[in-house]
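Student: I would like a close look at one part of this model. Please take the strand pairing, then move on to the contacts between parts.

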Amino acid sequence: MMDREELELFRASLRQAIAGQTGKALDDALDELGWRDALASDRRAAVSTLFELQGSANAASSALDLVLAKSMNVDAAVVLPPLGRVDPPGEVTGESVSVHGLGTAALERGDKAVVACEDAVVVVDTKDLTLRPVGGIDPSIELVEVSGDRVCSTTQPASIWPGAVAAGQLALAHELVGASRATLQLAREHAVERIQFGRPIAAFQAVRHRMADSLVAIEAASAALDAAWEDGSALTAGLAKAIAGRSARTVARHCQQVLAGIGFTAEHPFHRYLRRTLVLDGLLGDTRSLTHQLGEDLFKTRRLPSVLPL
Amino acid sequence: MSERRRAELDGGRSGLSAAGGGTIRGRRPMELDAFRPALDRWLEDHETALAPEYEGLGTLDEQMAQLAKVKRLAYDEGWMRWGWPERVGGLGGSSLLRAYLGEALTIRGLVDPNGYSMLEVLGPTMIDYARPELAAAMFPRLLRGDETWCQGFSEPGTGSNLASLACRATRTDDGWCISGQKVWTSYAQYADRCVLLTRTGAPESAHRGITALFIDMASPGITVRPLGTMHGGAEFCEVFFDEVTVPFDRTLGDEGQGWSVAMDLLPFERSTALWHRGAFLRRRLEDLLSTVPVGALTPGEVGEVFQQLYALRARSRATQHRLATGERLGPETSVDKILLATAEQSLFDLVAAGLGDDVLLGDDLSDERWRTQFLYSRAATIYGGSAEIQRNIVARRLLDLGADQ
């Protein structure tokens, strides 16, 4: 565990690394900084610090891959489920595996890919897979689409997958919170500077209340994240991800309205946060599907899970 | 009554026995981890004695009698006293113990969270601002359920704009002389005391000319008129003051310090009280889940309400822990209130969607309870600082957006 001072230093150096670079350059900088070691020694500090900063700077790295790999204790890139899903992206038939999913840039760089399936987690050679760089609504996040039907080897138990999903969900939820805080900051700067009818638009209650609702949404997600780290279960990680996803969409909607015309231009950074938010919400289960699944689980038992004692 | 009742409750065992046979009064400091199972066990063992004697919601009279009974039983066993300072009759220890006690009583349906939480709303500030002798003499009565206290803040012309209050307190040789009116005063018809905000400065002195008093509701010149409300209860009252005399030593803080008293008190409306109310909402979601017909609600809408209550719980829990470390609560508790009000209305919208026939047309005790609570939930964005006021606080104090126009 890092103490307060170490954490401050760590945060400062991460902030510096993230400020100027994204993609491969950021991955290299993270390696140099020893982020992997931090992930091993203090997962919460490493994940929460990096991903909030990354979200806030609208930067991209393949750190999400490391989070999942570390959780599964594998040394290879991890194939993520398709957008909106949490179930394993692979299906084993005989000795081969059929893969349909997504990955970070790490998948393009490594030789091996880890594919979770219903009954096992298998490893395949990356060169045997078809990788397509994803453009889509947010090309700068540098996702790749993975597909293939290949021979696989080295199986591990499927039971390592839910923990990896939970670890990834926490990282993504932090990134969503970081992006939301930056979005709200953009709206705030605009609202206090933009003068209409002789006063800053921040003086108008309709504007203030949208921003207040944005902060409430962010604080709810942040509290759910703190609770999930403390609790440590897959259930609370999923809750944090779902709440952060909804929160980020709420913040984007309100802040876009506050930013109005300037926020609709390509020159203003708002659109990059909106794009990122939509994709991050979709990774490892979007709010809508996670909420639906949660409701189905509640109907199964017709009881509330007993979580988060005082 | 207490000795006899205690003997009945414990079936002849010592009234002081708690978990593992240790006496709770002998164990200090009490930690939450020890408090929780010991309290749970006591509640289980004394289920019959603690249970309401009525079915359904009960009348307000019955609810208040139930509240007093539960407080008394819990006080006699020490549970009620943990988390409060020893100088006012408490046993010390973390405020988390209080939060857990209220939660445990609420989720078992033993107390109405609103009535119970008056203790949490009024207690901390009264203790801080009253003369030590006054706090020491009075507070145990509230704790033990011997007395009910109320909060005289709102006035007919002073709803959201608290600093404009007009209820007048004038200095006389005999003490303060109070004339004016309060409204929305919960449980005033039952109350023995009132934490009252009065205008002691010039009418235009705004927040500077306010003084807080701790008054006896039995004083000559006070008239209480309960207000019927749409949910059927009459917990809110109008209170009229006609030249009511209050001794100077009942001043909370100094003359003109009433605004500080109010600003210290209001976050307590949004902390432990909300933790208790959140526990109540959670219980009602579980009740809904166990009774709602198959297909009446979609998984998505149920999941979303659970998430809202969970986020409220996560936030409110963090607030409880901050409070327990001695942190001073402030405008950030408006976030908690906004989450509560939103979640409460979402929950009861879900109830109305899933149990529509029962809520709208049913006449049995369970229907009546759902209906009453549904209607009450409409006020969640109004009472205790409206949704708009909470958002104004967030905008000004947390987002630093400057003054509104």
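Tutor: This is a predicted model. Start in chain B. Strand 2 (residues 168-172) and strand 3 (residues 175-183) of chain B run antiparallel, joined by five bridges. Two residues make the hairpin that links strand 2 of chain B to strand 3 of chain B. One facing pair across these strands is Arg171(B) and Trp176(B), the latter in strand 3 of chain B.

Strand 3 of chain B also pairs with strand 7 (residues 237-246) of chain B. Seven bridges hold this pairing, again in the antiparallel sense. Here Cys177(B) stands opposite Thr245(B), which belongs to strand 7 of chain B. In a regular strand, side chains alternate between the two faces of the sheet.

Next, the contact between the chains. Chain A puts in 37 residues and chain B 39 residues. On the chain A side, at least two residues each come from helix 7 (161-193), strand 10 (199-200), helix 8 (205-231), helix 9 (234-264) and helix 11 (287-301). Helix 8 of chain A gives the most, with 14 residues. By type, the chain A side has 23 nonpolar, five polar and nine charged residues.

Now look within chain A. The chain divides into domain 1 (4-70), domain 2 (75-157) and domain 3 (162-301). The C-alpha centres of domain 2 and domain 3 of chain A are 28 Å apart. Nine residues of domain 2 of chain A are in contact with eleven residues of domain 3 of chain A. On the domain 2 side of that contact, six residues are nonpolar, one is polar and two are charged.

How values were computed:
Residues are numbered from 1 along each chain as its sequence is written. Chains are lettered from A and ligands numbered from 1 in the order in which they are written. This is a predicted model: local features need pLDDT of at least 70, side-chain atom pairs count only at pLDDT 80 or more; totals for chains, interfaces and linings use all residues. Domain bounds come from an automatic or database domain assignment. Two residues are in contact if their C-beta atoms, placed from the backbone, lie within 7 Å. Ala, Val, Leu, Ile, Met, Phe, Trp, Tyr, Cys and Pro count as nonpolar, Asp, Glu, Lys and Arg as charged, and the others, Gly among them, as polar. Helices (H or I, at least four residues) and strands (E, at least two) are DSSP runs, numbered from the N terminus. Two strands pair if DSSP finds at least two bridges between them.
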